[in-house]
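Please consider the structure shown below.

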Amino acid sequence: MGSTPHQRRGNTRQRIQDVALELFAEQGYEKTSLREIAERLEVTKAALYYHFKTKEDILVGIFEDLNRPVEELLAWGREQPRTLETKKEILNRYGDALVAAAPLFRFMQENQAAVRDLSIGKTVKERVLGLVDLFMEPDASLVDQVRCSTALFTMHTGMFAIKDLEGDPEEKRKAVLEVAFELVTRAHGGESAG
């Protein structure tokens with residue numbers, strides 16, 4: 001693979017992360033060793049070690065890269081007026097971030113025990129709660145609080161559950177967004193059922 005000198009070191013890092021995630025997905029996080037990652041990359045273990053000291057380092061790196069858009073979205077959302085338009089735009093952008101992070105989400109679903117033991121599990125939870133906060137009105141009823149949380153979970157399950165449904169991926173994405181929009185819209189209006 002010829003690479004030009006001005007390509008930044010980050011590309012090796014990126015390749016390590018991609019290959020590690022592939023291996024984690026194939027055989028599970030626990031069963032994958034740094035040696036196997038190095039072998040598949042056709043680099044020495046020392047070369048791998050230069051970038052990452054442990055498997056957890058690799059995972060945390062992957063995680064931070066894929067989560068940066070969510071961090072940025074949270075920061076952006078906190079600066080915006082709490083209008084329905086803002087809330088819909090947050091859902092829209094979150095949808096894009098989820099598409100980009102799909103391999104990581106798949107990994108997290110398949111390796112829940114490993115993720116729970118790692119520092120990243122807590123971070124994910126905090127970010128999700130942060131996003132839900134952006135949808136929630138300060139005096140939201142319990143029903144509306146549930147709607148806001150459910151809107152976000154709709155986005156998550158939408159990533160996986162609708163994979164098996166018939167139809168165009170873009171159409172399915174729109175359908176998931178529509179359901180999330182409905183929930184947030186109802187919560188925003190504070191209308192209670194009944």
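One cavity of 30 Å³ or more is present in the structure; a cavity is a set of points, on a 1 Å grid over the protein atoms alone, where a 1.4 Å probe fits but cannot get out. The largest cavity has a volume of about 150 Å³, a volume being the space filled by probe spheres set on the grid points, which are joined across faces, edges and corners. Its lining comprises 15 residues, with N67, V70, Y94, F105 and V124 closest to the centre; lining residues have an atom within 4 Å of a point. At least two lining residues come from each of α4 (55-79), α5 (84-100), α6 (102-110) and α8 (119-135), where helices are DSSP runs (H or I, at least four residues) numbered from the N terminus. By class, 13 of these residues are nonpolar, one is polar and one is charged; Ala, Val, Leu, Ile, Met, Phe, Trp, Tyr, Cys and Pro count as nonpolar, Asp, Glu, Lys and Arg as charged, and the others, Gly among them, as polar.

This is a predicted model, in which local features need pLDDT of at least 70 and side-chain atom pairs count only at pLDDT 80 or more, while totals for chains, interfaces and linings use all residues. Residues are numbered from 1 along each chain as its sequence is written, and side-chain values use heavy atoms, with hydrogens and water left out.

The largest pocket has a volume of about 540 Å³; a pocket is an open set with protein on both sides within 12 Å along at least five of seven lines. Among its 17 lining residues, M108, V124, V128, F153 and H156 lie nearest the centre. Helix α8 gives the most to this lining, with six residues.

The second largest pocket holds about 320 Å³ of space. Of its 16 lining residues, V99, G158, M159, I162 and R173 are the closest to its centre. Helix α10 (169-189) supplies the largest share of this lining, five residues.

Ten salt bridges occur in the structure, each a side-chain nitrogen of Lys or Arg within 4 Å of a carboxyl oxygen of Asp or Glu. One of them joins D96 and R173 (2.9 Å, N to O), and this pair links distant parts of the chain, with D96 in helix α5 and R173 in helix α10, 77 residues apart. Another joins R93 and E89 at 2.8 Å, N to O. Because R93 and E89 are four residues apart in helix α5, about one helical turn separates them.
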